[in-house]
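Have the picture open while you read.

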Amino acid sequence: MKRIAQFYKVGREQFVQDWKDTFGEEVQKQQILEIYEAIELPRRATFGSAGYDIFLPDKVVLEPGQSVKVPTGIRVEIDEGWVFQIYPRSGLGFKYRLQLNNTVGIIDSDYFFSDNEGHIQIKVMNDSREGKTVELAAGMAFAQGIFVEYGIVMDDDCSTVRNGGFGSTS
């Protein structure tokens with residue numbers, strides 16, 4: 001196996017800022033810092049697992065049709081030529097139709113250096129057509145990521161440098 005990446009937590013202030021952006025200014029900073037301290041870095045569940053489980057920093061309840069952007073508190077430093085692709089956990093998708101709003105999250109190697117510290121945020125949606133409410137506990141694995149090697153065309157001359165987060169390259 002090639003070892004091509006390393007997970008880290010984002011800084012405390014970045015996490016507080018992104019948590020408040022999602023859940024509102026009324027959330028107390030001390031409560032957010034307690035959530036931050038409990039963040040688990042992604043890890044594989046078994047030796048044969050391709051995916052790294054990504055864990056919820058706090059509980060999430062989604063009624064059918066609802067979505068939420070989850071600030072995970074994590075970032076990943078990836079060798080050039082690799083990408084981290086994020087998918088929903090298959091069991092949650094199967095049981096509840098829990099989906100990623102953008103179907104597959106793509107974390108490029110240069111995202112680590114963006115002005116939001118490369119904070120991985122995952123927007124999930126309860127697409128239940130059976131009226132099922134999804135209740136996810138703090139610390140539960142809700143998404144998974146896989147590292148994939150990629151190539152570029154022979155005459156590629158891209159020299160643009162990322163300086164932002166979501167949608168910053170278009």
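1. Residues are counted from 1 along each chain as its sequence is written. Do keep in mind that this is a predicted model, where local features need pLDDT of at least 70 and side-chain atom pairs count only at pLDDT 80 or more, while totals for chains, interfaces and linings use all residues.

2. Now the strands around that pair. Strand β1 (residues 5–9) runs antiparallel to β5, and 5 bridges join them (two strands pair if DSSP finds at least two bridges between them).

3. Buried here means under 20% relative accessible area, with a 1.4 Å probe and protein chains only. Across the 170 residues of the protein chain, 42% count as buried.

4. Zooming out, the protein chain has 3 helices and 11 strands. From the N terminus on, the order is β-α-α-β-β-β-β-β-α-β-β-β-β-β. These are DSSP runs: helices (H or I) of at least four residues, strands (E) of at least two.

5. What about contacts, meaning heavy atoms within 4.5 Å? Among contacts with a separation of 6 or more in the protein chain, 77% come from residues 24 or more positions apart.

6. Finally, the overall dimensions. Along its principal axes, the C-alpha trace of the protein chain spans about 50 × 35 × 35 Å.

Key. Side-chain values use heavy atoms; hydrogens and water are left out. Buried means under 20% relative accessible area, exposed over 50%, partly exposed in between (1.4 Å probe, protein chains only). Contact means heavy atoms within 4.5 Å.
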